[in-house]
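Let's take a walk through a protein model together. Have the sequence and the 3D view ready, and turn the view as you read.

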Amino acid sequence: MSNDTNAALLSNGVETLIERLRAEGVAKGREEAERIVHDAERRAEWLVTQAQEEADRILAKAREHSERLKRSTQEALQVAARDTVLHLKSHLSAQFAAQVGRLVSRELSDEALLEKLIVELVGRVREDLQLDQARGAEVVLPRDVVGIEELRRHPEQLKKGTLSHFVLVMAEKMLREGVGFSVADDDKGGVRLRLNEGEMEVDLTSETVTALLMAHLQPRFRALLEGIVH
């Protein structure tokens with residue numbers, strides 16, 4: 001075989017080797033590229049899944065927080081409404097008691113009514129408790145209505161039809177029956193009858209009468225506020 005022939009065969013062999021290496025390189029590169037793409041796709045799917053799970057957790061946490069906030073707000077509103085109603089009922093009850101107290105004080109400052117109370121009180125006690133046998137009976141008058149000692153010293157200042165005039169007129173008769181008069185040392189108004197030198201006392205002051213009335217009226221007033229009765 002000549003040298004030229006050998007050179008041609010060597011050249012063909014080299015080209016064939018180069019072509020085979022190139023083909024193998026291309027195939028390997030394509031295979032690597034496909035693997036990279038596949039891994040990238042799997043990574044992308046994993047990232048999407050993780051993002052979705054994180055979004056679901058955040059959303060669930062937000063909903064839970066919202067529900068807690070909603071419940072807390074509702075509970076706070078219920079407590080505030082309850083407290084407001086209780087405060088309003090308490091305020092209205094206090095206003096009602098104050099109004100009853102003012103009405104009682106006004107009525108018990110009426111001299112004509114006080115005269116009737118004194119007569120009725122002394123008469124009733126005389127019958128029920130045998131006043132004639134009682135020791136030291138005393139009618140206590142409101143100090144803002146009458147000043148007995150002052151009137152005794154200045155009887156010319158009496159006006160007929162007033163409580164002072166009534167007391168002075170009745171005093172002589174009642175004194176004979178063992179009943180005295182005095183003036184209260186407080187501003188409770190109304191009248192009181194003390195028996196047996198203060199051992200017993202029939203209290204018809206504004207404070208006591210108001211308390212008695214409220215004991216009767218307060219339950220009904222509260223029932224009205226509760227809507228139990230109309």
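What follows is a short tour, going from the whole chain to single residues.

## The whole chain

First, keep in mind that this is a predicted model. The chain has 230 residues, and buried ones make up 22% of them. Its accessible surface comes to about 16700 Å², with 56% of that belonging to carbon and sulfur atoms.

In terms of secondary structure, you're looking at five helices and four strands. If you read along the sequence, they come in the pattern α-α-β-α-α-β-β-β-α. What about contacts between residues at least 6 apart in sequence? Of these, 67% join residues at least 24 apart.

## The sheet

Now find the strands. In what order do the four strands sit in the open sheet? The order is S2-S1-S3-S4, and the pairing is mixed. At the edges you'll find strand S2 (179-183) and strand S4 (200-204), each of which pairs on one side only. Neighbouring strands here are turned by 20° against each other on average, if you ignore direction.

As a bit of background, strands of a sheet pair through backbone hydrogen bonds, and they can do so in a parallel or an antiparallel way. Strand S3 (residues 191-195) and S4 run antiparallel and are joined by five bridges.

## The nonpolar core

Next, look for the largest nonpolar core, which holds 13 residues. Which of its residues touch the most other members? They are Ile 118, Val 139, Leu 141, Val 191 and Leu 193. Helix H2 (111-129), strand S1 (137-141), S2 and S3 are the elements that give two or more residues to this core. H2 gives the most, with five residues.

Leave aside its neighbours within four places in sequence, and you'll still see Val 139 in contact with Ile 118, Val 122, Val 179, Gly 180, Phe 181, Ser 182, Arg 192 and Leu 193.

## Salt bridges along a helix

Time for some charges. Side chains of opposite charge can pair when their charged atoms come close. The count of salt bridges in this model comes to eleven.

Start with Arg 20 and Glu 24, whose side chains meet in a salt bridge at 3.1 Å, N to O. Where do they sit relative to each other in helix H1 (residues 3-108)? They're four residues apart, so about one helical turn separates them. Arg 20 counts as partly exposed because its relative accessibility is 44%, and Glu 24 counts as partly exposed too, at 43%.

Arg 68 and Glu 64 are four residues apart in H1, about one turn of the helix. Arg 68 is partly exposed at 39% relative accessibility, and Glu 64 is partly exposed at 48%.

## A salt bridge across the sheet

Arg 194 is partly exposed, with a relative accessible area of 27%, and Glu 138 is partly exposed with 25%.

Some salt bridges share partners, and in this way Glu 32, Arg 35 and Asp 39 are joined into one network.

## A last stop in helix H5

Finish at Gln 218, which has its place in helix H5 (residues 206-226). Is Gln 218 buried or exposed? Its relative accessible area is 15%, and buried means under 20%, so Gln 218 counts as buried. Not counting residues up to four places away in sequence, Gln 218 touches Ser 93 and Phe 96.

Methods
Residues are numbered from 1 along each chain as its sequence is written. This is a predicted model: local features need pLDDT of at least 70, side-chain atom pairs count only at pLDDT 80 or more; totals for chains, interfaces and linings use all residues. Side-chain values use heavy atoms; hydrogens and water are left out. Two strands pair if DSSP finds at least two bridges between them. Axes are lines fitted to C-alpha atoms, for helices over the stretch in contact, and angles run from 0 to 180 degrees between N-to-C directions. Buried means under 20% relative accessible area, exposed over 50%, partly exposed in between (1.4 Å probe, protein chains only). Contact means heavy atoms within 4.5 Å. Accessible areas come from the Shrake-Rupley method with a 1.4 Å probe; for residues, only the protein chains shown count as cover. A nonpolar core is a set of buried Ala, Val, Leu, Ile, Met, Phe, Trp, Tyr and Cys residues joined through side-chain atoms within 4.5 Å. A salt bridge is a side-chain nitrogen of Lys or Arg within 4 Å of a carboxyl oxygen of Asp or Glu.
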